[in-house]
Amino acid sequence: FDARNYFAPTRDTLKQNQFGGTLGGPLKKDKLFFFGSYQGTRTRTAPNGNIVEVPTAAQRGGDFSSYCSAYDASGLCTADAIANGGVQLSDPNTGTPFAYNQLPGGSLSPVALNLLKDLPLPNAGGQELNYLGAAANTNDDQFLAKIDYARGSHHVSGHYFFTQFREPATPVMNNNILTIQSNANRVRVQTVSVKDTYTASPHLLFNTWFGWNQQNGGYLVGVPFSANSLGANIAPSPSPQLSILVNGYFDLIGPEVGAYNRGDQTLREVATLMKGKHQLSFGGDMLRVDAPIASQYLEGGQFQFGGALSGDDLADFMIGDVGTFTQGGGIYANVTGYNLAAFLQDNWRATERLTLNGGLRWQPLLPYTDSKRRLPCFEPGKVSNRSLNAPAGLLFAGDPGCPQRGYFRCPDGGR
């Protein structure tokens, strides 16, 4: 089950250990019980047999003559050669063909040349590079504690669950930037749940729940440098970010560094009353949501060479002609809000063979708010007073017509 990949020279490295234990029992006879468990998982692996296409030594100097098998006297790829898969490269800006598919030295991108210092030469013939992938070393720890308590008309139960997952970034191996760790992250999740069941009478039952959930952590820095540090004329990112895709050849995608520390608290009450042939249930719940986010999404820019502007995507990369470039300002918010609900339900046993159910539910839509008023609105033609560089139509909480909280009623009634 751990056989060697057909294209790999050796088997993938894989080592996994899983361990743990449980403990439980009574603390007070027929009154108080406990249960606890722990599980740890350690995984060490690195995939072998990763195959990509990278520039040859000649192509790194601008020589793509191997892309065509025959040239005419002017240095252009012949029609017969093109019909058999040959490629004629051209200057994307002027349309002028490159004679003998030779890219002029002055047209080579300094950014590409700097990146190639950390991209090995082919080692399996042609443009093929076969390499050992990034190590994925993961550590996962989980704890559970549970308690049950019975006293008189009350039955109380609760549990606490804790899990922490860690996948650290690993150094670039063998001077090969393709071995970057794209999923480096650290996340801790905790939950608390408490339930009280109170039997007020043989016909009346109360159930009360409280819940607390919290998640902390996010993606870590997984690359040693960003496109800006390679010489790309773009705004720098707060942390190293790298996303370069050369269609059909190779991709470099590092993690989008960010923290996602979010949580919620829940309080719920449900009463059940048995009266004759009716079972009445009524109650409500409240959920408070706390969802901050600080993600450097796209702040380092994303370069995609996929348009074959020169006739080939790898040649586009070498001369720095990007098919698609995207850069953003990250995603930052500190959103909080409440969800409220109340209900009433009646289960009526009309006959021994017929039961009718009916009920009502009230659940208002309460808008969330952001502590720094970053929630957007859209109104065509209007310009934001809070962000003068925002495009027309994009407003932010606090701008006229864009409320900080609550609802906004359109003057025309929303038509």
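This is a predicted model: local features need pLDDT of at least 70, side-chain atom pairs count only at pLDDT 80 or more; totals for chains, interfaces and linings use all residues.

**Labels and their grounds**

Q: What makes C377 buried, partly exposed or exposed?
A: The relative accessible area of C377 is 23%; since buried means under 20% and exposed means over 50%, C377 falls in between and is therefore partly exposed.

Q: How do you know that C377 and C402 form a disulfide?
A: Their sulfur atoms are 2.1 Å apart, and a pair of cysteine sulfur atoms within 2.5 Å is taken as a disulfide, so the pair of C377 and C402 qualifies. With 75° about the S-S bond, this link is right-handed. The pair links distant parts of the chain, with C377 in strand 19 (residues 376–378) and C402 in the segment after strand 20 (394–396), 25 residues apart.

Q: What joins C68 to C77, and why is the link right-handed or left-handed?
A: A disulfide joins C68 to C77, with an S to S distance of 2.0 Å, which lies within the 2.5 Å cut-off. The torsion about the S-S bond of C68 and C77 is about 90°, so this disulfide is right-handed. Both C68 and C77 are buried.

Q: What pattern do the disulfides of the protein follow?
A: The structure holds 2 disulfides, and with bonded cysteines counted along the chain their pattern is 1-2, 3-4.

Q: What radius of gyration does the protein have, and what would a compact globule of 415 residues have?
A: The protein has 31 Å, whereas a compact globule of 415 residues would have a radius of gyration near 22 Å. Along its principal axes the C-alpha trace spans about 100 × 65 × 45 Å, and buried residues make up 33% of the 415 residues.

Q: How many helices and strands does the protein have?
A: The protein has 5 helices and 20 strands. Among contacts between residues at least 6 apart in sequence, 64% join residues at least 24 apart.

Terms used:
Residues are numbered from 1 along each chain as its sequence is written. Side-chain values use heavy atoms; hydrogens and water are left out. Helices (H or I, at least four residues) and strands (E, at least two) are DSSP runs, numbered from the N terminus. The radius of gyration is taken over C-alpha atoms; the globule rule is 2.2 Å times the number of residues to the power 0.38. Buried means under 20% relative accessible area, exposed over 50%, partly exposed in between (1.4 Å probe, protein chains only). Contact means heavy atoms within 4.5 Å.
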